[in-house]
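Subject: Structure handover

Hi,

Here is the structure I promised to pass on. Have a look at it first, and then read on for what turned up.

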Amino acid sequence: LSAAEREAPADPVNAALLRVSRRDFERQRKLPSDFVQAFSEARTVSSNAWEEARANDDFGSFEPHLAKMFDFAARAADLYGYDAHPYDALLYDYEPGVTTAEVKETFASLRAFTVPLVRKIADRVRERGELADPAILERPYPIEGQRAFGLKVASAFGFDFNRGRQDLAVHPFETRFSRDDVRMTTRFQENYLPDAMYSTFHETGHGLYEQNTGSDLARTPLARGASSMVHESQSRTWENLVGRSRAFWAHWLPELKAEFPGTLDDVDVDTMYRLVNRVQPSFIRVDADEVTYNLHIMLRFELELAVLEGSVKVSELPEAWNARVQEFLGITPPTGRLGILQDVHWGAGLIGYFPTYTLGNILSVQLFEAAKAATPGLEDALARADYAPLRGWLTEHVHRYGRMLLPMDLVRQATGQGLSAEPYTRYLSDKYSRLYGLD
Ligand code: ZN
């Protein structure tokens, strides 16, 4: 690295390759190898303990392992070093250059907006009932039809099945071995249409990012997404901003109906649009709708900070968790499985990861608005299910850079501004006020 730095390559790809390699190297060598080994062993044991605790709904058996994970996180933060908050050092693994203070500020404004909106929608449903019958999505939808529809939409979005594929797994995810070998997984529930469908749209968004990193970055550490937040902004774009839009269903509903003859005869575009955008406070993060989802993230972020700062003990986490679910969503988890035991992250030592989900939601709207402003006719194209203009803009301004830019530099370059929750809250407010007839 030192020799290469003395040569100071002038071309941007090699300069970035050197910069990022140096950054990765300096960061990794801050952790002594015995620490890395001990952490690695402990997180394997802890992940298994979590799986068992979740199956038995028994937080007590998981608690000592979770305490260890937080302890390792705190020690890692000390080893990495930080200026303002130990959490900054943990966040760096997922969002290099983003600070805890920035996340706190962004989340505070989003929370102040979201909690009253959730209340208003819940009141509206109590007074006037659901917008459409949720049981429609629980009719029998044979898996072959679900698979065919998902693949058709993923291809239309632009996923290249010559350079990637979709397989089955317990949990949907995306991974890549190179930009020319991108794998996604999904799972099917015969009696619940949205699960496979929206996880396919979501993972396709991740996959498009990986397939469209610059070919000049191939086989280097630059050939992957800039950060977890930027990655999630891409999955949410295709899942929510495209896949949960009315324009999407105006085009695709007839195709969906053709996969399931006779099953959706009574469903029109507006009904489908309402069904896939139903807002309902719920216990499980991954099942949450666009409006309530971020509250699930905020409570996890707050609890991570509280444990690191010492204001909440690990043994007090279940109670602190349930209190926040009640405060944010107006419901209390009846079991640990529906509460603190639901997510794999903490047990696997991934402390500092959760905020990137909500930051990704926020960023998706900023990028989408920038794409619309720069691309005349983009919305007409989306209405025709022509996704090339949107994908093209995202490739040009996000995908092709891979890890060349730090996430916040990429945001500024692509949108002309820093990360801001304002476009996102405006999007949620417009969409859901109209849907639920709020003033
Ligand atoms: Zn994702």
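A quick word on exposure before the details: a residue counts as buried under 20% relative accessible area, as exposed over 50%, and as partly exposed in between. Also keep in mind that this is a predicted model.

With those cut-offs, D57 is partly exposed, because its relative accessibility is 33%. D57 sits in the loop that links helix 3 (33–56) to helix 4 (59–80). For background, most residues other than glycine have a negative phi. R219 is another case, with a positive phi near 65°. That residue belongs to the loop between helix 8 and helix 9, and R219 is exposed, since its relative accessible area is 85%.

Now the zinc ion. Which protein atoms are its donors? They are NE2 of H202, NE2 of H206 and OE of E232, at 2.1 to 2.3 Å from the ion. Along the sequence, the donor residues follow the spacing H-x3-H-x25-E. H206 is in helix 8 (residues 193–211) and E232 in helix 9 (residues 228–242), so this pair ties together parts 26 residues apart in sequence. Are these two buried or exposed? H206 counts as buried because its relative accessibility is 10%, and E232 counts as buried too, at 6%.

Strand 2 and strand 3 (residues 181–186) run antiparallel and are joined by 4 bridges. If you want a place to start tracing, S178 has D181 in strand 3 as its bridge partner.

Last, a helix pair. Helix 7 (residues 143–157) and helix 10 (residues 246–259) have axes that come within 9 Å and cross at roughly 145°, and the crossing is right-handed. On the helix 7 side, the contact residues are G145, A148, F149, K152, V153, A156 and F157; helix 10 brings F248, W249, W252, E255, L256 and E259. By type, the residues of this contact split into 9 nonpolar, 1 polar and 3 charged.

Cheers

Methods:
Residues are numbered from 1 along each chain as its sequence is written. This is a predicted model: local features need pLDDT of at least 70, side-chain atom pairs count only at pLDDT 80 or more; totals for chains, interfaces and linings use all residues. Side-chain values use heavy atoms; hydrogens and water are left out. Two strands pair if DSSP finds at least two bridges between them. Helices (H or I, at least four residues) and strands (E, at least two) are DSSP runs, numbered from the N terminus. Donors are N, O and S atoms within 2.8 Å of the metal (3.2 Å for Na, K and Ca); water is not among the atoms, so sites may look incomplete. Buried means under 20% relative accessible area, exposed over 50%, partly exposed in between (1.4 Å probe, protein chains only). Axes are lines fitted to C-alpha atoms, for helices over the stretch in contact, and angles run from 0 to 180 degrees between N-to-C directions. A crossing is left-handed if the near helix is turned anticlockwise from the far one by less than a right angle, and right-handed if clockwise. Contact means heavy atoms within 4.5 Å. Ala, Val, Leu, Ile, Met, Phe, Trp, Tyr, Cys and Pro count as nonpolar, Asp, Glu, Lys and Arg as charged, and the others, Gly among them, as polar.
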